[in-house]
Amino acid sequence: MGRAFECRRRAKEARWDKMSKVFPKLSKSITLAAKNGGPDPDLNPALRLAIATAKSENLPKDKIDAAIKRASGADAANIVEVNYEGKGPHGSLFYIECATDNSNRTVGNLKTIFNKNGGQMVNSGQLDFMFTRKAVVEFDAAGLELEEVELELIDHGLEELEVEDGIARAIADYAEFANLTAGVEKLGISPKKAGLERIPTQPVELTDEQMEEVESLLEKIEDDDDVQVVFTNIG
């Protein structure tokens, strides 16, 4: 997503009702990370960062512990990760990552949302080439010697270091996720957010009026309980 879009996103996240929307998604991300890489954060970078993200959003410790324990239960065994793709108004594209125990329900909900908001679902893989998968770690840039940080992180796979509104974004190839996060942690920097993102290869610029229409669709998609994260080609 584009930088202006990310700024609006951060402002929106600050207004979200964490108890009803953010907390369940954070818990599910912890459960999936533990299920895929084991329950020990020291040996599982994805889990370690999922926990750090949850803590930054003030998810209570008991809920974090419960989410980790859930990874070995029957409920977690039924949860699968599945991706969907769709086209929205004004040339907008959507790549949607979900975690669900009922893919028929999830795809049905998403089809309804797209159809009612000027969009349509497309076959899996049709839009994949429009996005590049990258490892991204965000952290507070205040007080850091960014040139030194950049030099250190190059040895950990860093391709680009962006700074916008005091937030630094370290970007690397998706295969370097563990290496990049280890480099950030080695510098004593606490990530605000980290994960694998899909960055558009051909971002589109929209007018404010067009953005309102696209953001309305985006919000409805994100409100679905099975949706974990949505990537778009908006510049």
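Contact here means heavy atoms within 4.5 Å. The model is a predicted one: local features need pLDDT of at least 70, side-chain atom pairs count only at pLDDT 80 or more, and totals for chains, interfaces and linings use all residues. Residues are numbered from 1 along each chain as its sequence is written, and side-chain values use heavy atoms, with hydrogens and water left out.

**Exercise 1.** Find Asn233 and work out which residues it is in contact with, leaving aside its neighbours within four places in sequence.

Solution. Start with the place: Asn233 sits in the segment after β8 (227-232). Strands such as this are DSSP runs (E, at least two residues), and helices are runs of H or I with at least four, numbered from the N terminus. Next, list the partners: Gly91, Ser92, Leu93, Phe131, Pro200, Gln202, Pro203 and Val204. Now look at polar contacts, meaning a pair of N or O atoms within 3.5 Å; within protein, one must be able to donate a hydrogen and the other to accept it, and residues adjacent in sequence count only if both atoms are side-chain atoms. The Asn233 side chain reaches the backbone nitrogen of Leu93 at 2.7 Å.

**Exercise 2.** Is Asn233 buried or exposed?

Solution. First, the cut-offs: buried means under 20% relative accessible area, exposed over 50%, and partly exposed in between (1.4 Å probe, protein chains only). Asn233 has a relative accessible area of 3%, so call it buried.

**Exercise 3.** How many salt bridges are there by the rule used here?

Solution. The rule asks for a side-chain nitrogen of Lys or Arg within 4 Å of a carboxyl oxygen of Asp or Glu. Count them that way and you get 12 salt bridges. One of them pairs Asp226 with Lys28, with the closest N and O atoms 3.8 Å apart. Asp226 is in the loop between α9 (208-222) and β8, and Lys28 is in helix α2 (residues 18-37), so the pair ties together parts 198 residues apart in sequence. Both Asp226 and Lys28 are buried.
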